[in-house]
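Dear colleague,

Please find below the structure that I am handing over to you. I would be grateful if you kept it open while reading the notes that follow.

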Amino acid sequence: MQTPAGKPLPWKKRSLNEIDRIIVHHRGGPGTLDGIHKYYQKNRGWAGIPYHFAVTSTASGVKAYQLNDLSSSTWHARNSNRRSIGILVDGWYDAQWWDGGVYRLVKGKDSTVGDGKLGKLDELITHLSREWELQQKIKLEVLAHKDVTKGTGCPGIFLSDWCRSRP
Ligand SMILES: [Zn+2]
């Protein structure tokens, strides 16, 4: 698989039947996917952006990009890397709250929930879950990053709640 920047990433390999969970992240700050990719290469010396997928808004609507092959064991969630698929949702999910059926934005913060990203995320999770049940006979668990790694607030209060409230 290719990143938006077009570079293949040489992570360690794993077999797909080791995977039993999806871990959701948010961007939580400024920057593009390419910028995050370069940051990890330059500042951490990693293969690059560590998520398997990213859900982001583009000029032609909300898109889910595959950034890494699912057989790549990447570093996105300490204690859970080898067994999980990492999905990054572009946005900052501490800056929103749930208000009786509507996601509202906190004024002045960079947040865009009403733009279809959660719908796209849900679609992607549903697709992966079906695939895993069929091919691996494994039911994927969906978790917020902060539920597996201590010391992070990722993916924000709001997106964490969304993960926990999924059936
Ligand atoms: Zn995270």
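Helix α2 (residues 117-135) has 19 residues and spans 27 Å from its first C-alpha to its last, close to the 27 Å expected at 1.5 Å a residue; the expected span is 1.5 Å times one less than the number of residues. Helices (H or I, at least four residues) and strands (E, at least two) are DSSP runs, numbered from the N terminus. Please note that this is a predicted model, in which local features need pLDDT of at least 70 and side-chain atom pairs count only at pLDDT 80 or more, while totals for chains, interfaces and linings use all residues. Residues are numbered from 1 along each chain as its sequence is written.

K117, L121 and W132 are buried in α2. They cover an arc of only 35° around the axis, which places them on the same side of α2; the arc is that of the directions from the helix axis to the C-beta atoms. A residue is buried if 20 or more other C-beta atoms lie within 10 Å of its own, exposed if 12 or fewer, and partly exposed in between, with C-beta atoms placed from the backbone. The face of α2 turned away from the buried side carries exposed residues, including T126, H127 and R130. The buried residues of α2 pack against β3 (53-58), β4 (61-66) and β6 (84-89). Just after α2, K137 takes a positive phi of about 60°.

**The sheet**

The protein has three helices and nine strands. Five strands form an open sheet in the order β4-β3-β6-β2-β9, with mixed pairing; two strands pair if DSSP finds at least two bridges between them. Because β4 and β9 (141-144) stand at the edges, each with a single partner strand, one side of each is left without a neighbour in the sheet. Neighbouring strands of this sheet are turned by 25° against each other on average, direction ignored. Axes are lines fitted to C-alpha atoms, for helices over the stretch in contact, and angles run from 0 to 180 degrees between N-to-C directions. Six bridges join the antiparallel strands β3 and β4, and V55 stands opposite A64 in β4. Helix α3 packs on the sheet, touching β2, β6 and β9, and its direction makes about 165° with that of β9. Two residues are in contact if their C-beta atoms, placed from the backbone, lie within 7 Å.

Of the 25 residues in the largest nonpolar core, V24, Y51, I87, V89 and L159 touch the most other members. Each of β2, β3, β6, β9 and α3 supplies at least two residues of this core. Such a core is a set of buried Ala, Val, Leu, Ile, Met, Phe, Trp, Tyr and Cys residues joined through C-beta atoms within 7 Å.

Is V24 buried or exposed? V24, in strand β2 (residues 21-26), counts as buried because it has 29 C-beta neighbours inside 10 Å. Leaving aside residues up to four places away in sequence, V24 touches I87, A144 and L159, among others. V24 and A144 are 120 residues apart in sequence, yet 5.0 Å apart in space, C-alpha to C-alpha.

R166, in the segment after α3 (156-164), counts as exposed because it has 12 C-beta neighbours inside 10 Å.

With kind regards
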